[in-house]
Amino acid sequence: MIKTSLITMLTLVTFISIAYSQETKQQVKSKVEAISPTDEPKGKLESKVNNQKIKEITIMTRMENSEEKFKQLFGEGINGIEATDPDFQEIMNSFIFKEVYKQGKLDNRMRELTTIVVLTVNQNLLQLKSQVAVALNIGVTPIEIKEAVYQCAPYIGFPKTLNAVNEINEAFKANNILLPLQSQKTVTKETRLSKGIAVQTEIFGDLIPKMRANAPENQKHIQDYLSGFCFGDFYTRGGLDLKTRELLTLSMVSSLGGADSQVKAHVQANKNVGNNKATLIGVITQCLPYMGFPRTLNALAYVNEIFIEN
């Protein structure tokens with residue numbers, strides 16, 4: 001359960017505010033009742049009222065579904081910007097918790113891990129701390145959360161990753177999770193490079209030996225860093241399987257912007273490790289509320305290019 005102190009902090013975070021109040025629902029309902037019977041002939045009036053009722057019922061159903069998903073994730077009693085920006089709040093929560101969360105077949109675990117890495121990449125640290133509490137609340141393990149964020153380091157650098165780690169540690173402490181967690185390391189200083197090359201080749205195939213062989217002499221150290229650090233130090237770790245790591249990496253590089261070649265490479269990598277097109281579209285859709293349409297459409301373009309449909 002989320003602790004009281006964390007709930008108090010979360011009330012300040014607009015990202016997780018409750019979508020609609022009962023008063024708002026009553027206002028929606030009252031629009032139907034406000035139609036004057038003297039405005040139009042009876043037949044047209046009845047048709048207008050019926051159409052209006054259908055519209056309002058649809059809106060109210062959307063609101064209720066949004067609230068249901070929100071409460072499943074965040075729990076009860078968290079208020080945000082309803083008093084100051086109710087229209088924006090309505091749009092935000094309905095889009096995220098009704099539309100995006102209903103799209104595709106991703107489970108809540110994958111949705112939360114995806115959201116956590118995108119918030120880490122974008123350095124949305126207040127929202128990240130809140131989302132970690134949500135992830136714990138629905139059963140994502142502390143190790144899964146930490147491994148997802150650790151893997152961001154090769155793509156965003158150590159300082160931003162450390163910022164995220166500090167926020168996660170605060171959320172863990174609020175939930176009485178003892179630190180440090182059990183190590184997930186599987187390599188040594190002596191084996192990290194060779195095992196990194198092995199997993200890199202497993203993902204990308206014969207491209208890796210060719211890329212390493214063709215690197216200019218004064219840049220071969222970069223290829224060693226890529227193999228030993230990105231893949232040896234992180235991809236070989238426990239806690240997350242290879243398919244999950246590749247999905248998360250695609251989320252990271254898609255969120256960066258300006259990393260088109262890496263987005264394309266990791267779409268292909270996901271295909272190579274067995275993630276299908278529907279799964280990739282689901283993950284990229286989950287990223288949309290947090291990274292916007294330009295980067296989402298860019299990633300989808302590469303998905304469509306690599307997963308060609310008849």
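Predicted model: local features only at pLDDT ≥ 70, side-chain atom pairs only at ≥ 80, totals over all residues.
Local features are reported where pLDDT is at least 70 and side-chain atom pairs at pLDDT 80 or more, whereas totals for chains, interfaces and linings use all residues. Residues are numbered from 1 along each chain as its sequence is written, and side-chain values use heavy atoms, with hydrogens and water left out.

The chain contains 16 helices and 0 strands, these being DSSP runs numbered from the N terminus (helices, H or I, at least four residues; strands, E, at least two). Of its 310 residues, 45% are buried, where buried means under 20% relative accessible area, exposed over 50% and partly exposed in between (1.4 Å probe, protein chains only). The accessible surface, computed by the Shrake-Rupley method with a 1.4 Å probe, amounts to about 15800 Å², and carbon and sulfur atoms account for 54% of that surface. When contacts (heavy atoms within 4.5 Å) between residues at least 6 apart in sequence are considered, 75% of them join residues at least 24 apart.

Helix α15 covers residues 277–291, and the distance of 20 Å from its first C-alpha to its last is close to the 21 Å expected for 15 residues at 1.5 Å a residue; the expected span is 1.5 Å times one less than the number of residues. Because 11 of its 15 residues are buried, α15 is largely enclosed by the rest of the structure. The buried positions include Leu280, Val283, Ile284, Leu288 and Met291, together with Lys277 and Gln286, and the buried residues of α15 pack against α4 (86–100), α5 (108–121), α13 (242–256), α14 (260–273) and α16 (293–306). At the N-terminal end, Asn276 caps the helix through a side-chain oxygen that lies 3.3 Å from the backbone nitrogen of Ala278, while α15 is followed by Gly292, with a positive phi near 85°.

Helix α13, one of the packing partners of α15, has end C-alpha atoms 21 Å apart, in agreement with the 21 Å that its 15 residues should span at 1.5 Å a residue.

Beyond its neighbours within four places in sequence, Val132 is in contact with Ile116, Ile145, Ile168, Ala171 and Phe172.

The loop between α9 (158–174) and α10 (192–204) contains Gln182, which is exposed, with a relative accessible area of 64%. Gln182 lies 9.9 Å from Gly239, C-alpha to C-alpha, although the two are 57 residues apart in sequence. Asn175 is found in the loop between α9 and α10 but is buried, at a relative accessible area of 17%, and a polar atom of its side chain lies 2.9 Å from the backbone oxygen of Ala171.

The structure holds 0 disulfides, a disulfide being taken as a pair of cysteine sulfur atoms within 2.5 Å. Cys230 is buried, with a relative accessible area of 5%, and Cys287, among the buried residues of α15, has a relative accessible area of 1%.

Terms used:
Polar contact = N/O pair within 3.5 Å; in protein donor to acceptor, adjacent residues only side chain to side chain.
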